[in-house]
Amino acid sequence: MFWMHRRIRFSQVGTLIVLLAGVVINSSMASALSLEVVEELALASDPGVQSVESNQLALEEMSIVARQLPDPLLKMGLVSLPADTFNLGQEAMTQVQIGLVQNFPRGKTRELTSAQIGLKSQGMGEQARDQELQIMLAVREQYLEVAKQHYLARINAETIAAFSDVADITQDYYATGRVQQHPF
């Protein structure tokens, strides 16, 4: 009965060793990447940060545009054109009008609008920085968790090796008769 119970434990230890070897191999692959590289990969692949940065650039461009005068308009028209013949020389009152129109906004409207959009752009920049910091925090927490699991796997492997040695020694003692088994 004792030996059967002992064999089950040895098979469980073997299974545990195989599982831990897989964890250690995976952990050593994960630790091949430095924290800085992992952070850069996470920031480069996050679409949220890229979206906010694109919006910020768009707002900066809009701020520049808001500071400028609106585009001038070319105005063209015909006045008193005879509708029956469309001949420009038929009536003496027929006129061809060509003009250029420029709108000038009141007061400091352009400067104030530009400043307002510039502040929105700065806010978007701060929002992007906040998202970057949140991503870096999450990456660092996960990186530390992987490092902890790697360390624990190494400790478990060393412990399993030590217990395997103790089990081998105990088995040798029983096999040679140095120790008697006592029923409980």
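This is a predicted model: local features need pLDDT of at least 70, side-chain atom pairs count only at pLDDT 80 or more; totals for chains, interfaces and linings use all residues.
Residues are numbered from 1 along each chain as its sequence is written, and side-chain values use heavy atoms, with hydrogens and water left out.

Ser63 lies in helix α3, where helices (H or I, at least four residues) and strands (E, at least two) are DSSP runs numbered from the N terminus. Ser63 touches Ser114, Ile117 and Gly118, when residues up to four places away in sequence are not counted. With a relative accessible area of 8%, Ser63 is buried; buried means under 20% relative accessible area, exposed over 50%, and partly exposed in between, with a 1.4 Å probe and protein chains only.

## Overall architecture

The protein chain has four helices and two strands, and from the N terminus on its elements run α-α-α-β-β-α. Of its 184 residues, 14% count as buried. Among contacts between residues at least 6 apart in sequence, 77% join residues at least 24 apart.

## The largest nonpolar core

A nonpolar core is a set of buried Ala, Val, Leu, Ile, Met, Phe, Trp, Tyr and Cys residues joined through side-chain atoms within 4.5 Å. The largest one consists of six residues, namely Val52, Leu59, Ala66, Ile117, Met124 and Ala128, and the elements that give two or more residues to this core are α3 (47-67) and α4 (109-176). Ala128 is in contact with Val49, Val52 and Glu53, leaving aside its neighbours within four places in sequence.

Tyr143 has its place in helix α4 and counts as partly exposed, at 23% relative accessibility. The side chain of Tyr143 reaches the backbone oxygen of Leu33 at 3.0 Å. Tyr143 and Leu35 are 108 residues apart in sequence, yet their C-alpha atoms are 7.1 Å apart in space.

## A nonpolar patch on the surface

Leu74, Met76, Leu78, Leu88, Val96, Ile98 and Leu100 form a nonpolar patch on the surface, with about 800 Å² of accessible area together. Accessible areas come from the Shrake-Rupley method with a 1.4 Å probe, and for residues only the protein chains shown count as cover.

Strands β1 (73-79) and β2 (95-101) each supply at least two residues of the patch. Val96 lies in strand β2 and is exposed, with a relative accessible area of 54%.

Note on methods. Patches are made of residues with over 30% relative accessible area and no salt bridge: like charges are joined within 9 Å, nonpolar side chains (Val, Leu, Ile, Met, Phe, Trp, Tyr) within 5 Å. A salt bridge is a side-chain nitrogen of Lys or Arg within 4 Å of a carboxyl oxygen of Asp or Glu. Contact means heavy atoms within 4.5 Å. A polar contact is a pair of N or O atoms within 3.5 Å; within protein, one must be able to donate a hydrogen and the other to accept it, and residues adjacent in sequence count only if both atoms are side-chain atoms.
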